[in-house]
Amino acid sequence: MELSTSVCVKAGLFSHPSSLTCPKDILKFSIITTQSRRNWRSRTSLLRISELQRPQKSIVLAMATGKLQEALPPVLDSTSEPPSIFDGTTRLYICYKCPFAQRVWIARNYKGLQDTIKLVPIDLQNRPSWYKEKVYPKNKVPSLEHNNEVRGESLDLIKYINENFEGLPLLPDDPAKVEFTEELISYCDKFNATLRNAFVSKGDIENQIREPLDHLECALSRFGDGPFFLGQFSMVDIAYAPFIERYEPFLADVWKYDIAAGRPKLASWIEEINKIEAYIQTKNDPKVLVEGYKQRYEVN
């Protein structure tokens with residue numbers, strides 16, 4: 001029988017680990033595994049409180065695989081003190097809601113660099129002055145502090161992380177796939193611009209977005225050795241995933257348009273990428289994304 005797994009973290013509601021009184025700073029939680037709807041059994045695992053930075057959510061979530069999600073650090077705003085900049089720590093400055101920052105966050109997770117590259121989330125609506133003055137003069141996210149330098153631009157950072165850090169590769173060795181990577185990465189800006197222009201136009205939105213979505217469908221048909229753009233998961237999927245995450249529910253909610261209808265390759269890609277743990281950990285609530293886009297593009 002195929003096993004299905006659900007996870008129940010018996011952590012209680014708390015706002016900070018210091019509010020817990022468990023001995024030796026250890027939080028016990030139960031992972032409940034189900035073999036059927038009627039048969040339940042539980043096992044206990046341990047999570048050291050000292051390993052947690054203050055999570056934004058009151059409950060520490062666990063993955064369906066039994067692995068814990070990374071406890072996300074709190075967002076820094078204009079009232080926050082800066083980290084110890086240029087102290088040898090590698091830091092990725094992001095905004096949890098920014099799709100460009102999400103790209104680099106996914107790459108960092110996929111390569112297993114959670115302990116090597118520390119997240120520093122910034123409130124873009126109330127930015128700390130020290131970020132522009134001491135970290136990144138362009139005052140944008142993402143940026144990467146590494147080897148006493150700060151670099152920016154999401155697609156450049158994905159390549160930089162792939163080339164300068166250990167972990168799973170984000171680019172295959174196949175020359176044909178490397179060439180296709182450059183083609184798809186170059187197309188990404190046009191793809192995003194076309195859809196965003198359609199959101200504010202008064203014309204038939206389906207006609208305007210058909211070509212770029214069909215372009216992705218065709219691209220996903222290029223290689224037959226997997227469901228992703230290069231067959232296997234790569235930096236190309238990372239480049240597009242945060243934006244599809246936003247466009248899909250927004251178009252469905254406002255225009256009742258299913259971007260995967262009649263596009264089986266894109267439908268499969270969406271299904272499979274939502275199984276990638278490195279991506280799952282970065283996802284936003286789709287309802288929040290839709291409401292944000294409705295306000296941004298002034299639609300109902």
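Reader: Before I start, what should I know about the numbering and the model?

Author: Residues are numbered from 1 along each chain as its sequence is written, and side-chain values use heavy atoms, with hydrogens and water left out. The model is predicted, so local features need pLDDT of at least 70 and side-chain atom pairs count only at pLDDT 80 or more, while totals for chains, interfaces and linings use all residues.

Reader: How many helices and strands are in the chain?

Author: Helices (H or I, at least four residues) and strands (E, at least two) are DSSP runs, numbered from the N terminus. Here the chain has nine helices and seven strands.

Reader: What is the order of the strands in the open sheet?

Author: Two strands pair if DSSP finds at least two bridges between them. In this model, four strands form an open sheet in the order β5-β4-β6-β7, with mixed pairing. The edges are β5 (117–121) and β7 (149–152); each has a single partner strand, so one side of each lacks a neighbour in the sheet. On average, neighbouring strands are turned by 20° against each other, direction ignored. For such angles, axes are lines fitted to C-alpha atoms, for helices over the stretch in contact, and angles run from 0 to 180 degrees between N-to-C directions.

Reader: Which way do β4 and β5 run, parallel or antiparallel?

Author: They run parallel, and five bridges join β4 (residues 90–94) to β5. Thr 90 has Ile 117 of β5 as its bridge partner, and Leu 92 stands opposite Leu 119 in β5. Now look at β6 and β7: these run antiparallel and are joined by four bridges.

Reader: How many residues of β4 are buried?

Author: Buried means under 20% relative accessible area, exposed over 50%, and partly exposed in between (1.4 Å probe, protein chains only). Five of the five residues of β4 are buried, so this strand is largely enclosed by the rest of the structure. Thr 90, Leu 92 and Ile 94 point one way, while Arg 91 and Tyr 93 point the other way. Across the chain of 300 residues, 45% count as buried.

Reader: Which parts do the buried residues of α3 pack against?

Author: An α-helix has 3.6 residues a turn, so residues three or four places apart point the same way. Helix α3 (residues 154–164) has several buried residues, including Leu 157, Ile 158 and Ile 161. The buried residues of α3 pack against α1 (99–110), β5, β6 (143–146), β7, α4 and α6. Contact here means heavy atoms within 4.5 Å. Of the chain's contacts with a separation of 6 or more, 65% are between residues 24 or more positions apart.

Reader: How many aromatic pairs does the structure hold?

Author: Rings of Phe, Tyr and Trp (its six-membered ring) pair if their centres lie within 6.5 Å; planes under 30 degrees apart count as stacked, over 60 as edge-to-face and the rest as tilted. The structure holds 21 such pairs. One of them is Phe 191 with Tyr 247, which is tilted, at 6.1 Å centre to centre and 50° between the planes. Phe 191 lies in helix α4 (residues 175–200) and Tyr 247 in helix α6 (residues 235–255), so the pair ties together parts 56 residues apart in sequence. Both Phe 191 and Tyr 247 are buried. Another pair, Phe 199 and Trp 255, is stacked, with 5.9 Å between centres and 15° between planes. This pair also links α4 and α6, 56 residues apart. Phe 199 is buried at 2% relative accessibility, whereas Trp 255 is partly exposed at 27%.

Reader: Which ring does the charged end of Lys 177 sit over?

Author: A charge sits over a ring if NZ of Lys or CZ of Arg is within 6 Å of the ring centre and within 35 degrees of the ring normal. Lys 177 sits over Phe 223, 5.2 Å from the ring centre. Likewise, Arg 296 has its charged end over the ring of Tyr 293, at 5.8 Å.

Reader: How many disulfides are there?

Author: A disulfide is a pair of cysteine sulfur atoms within 2.5 Å, and this structure holds zero. The sulfur of Cys 95 is 6.1 Å from the closest cysteine sulfur, in Cys 98, which is too far for a bond.
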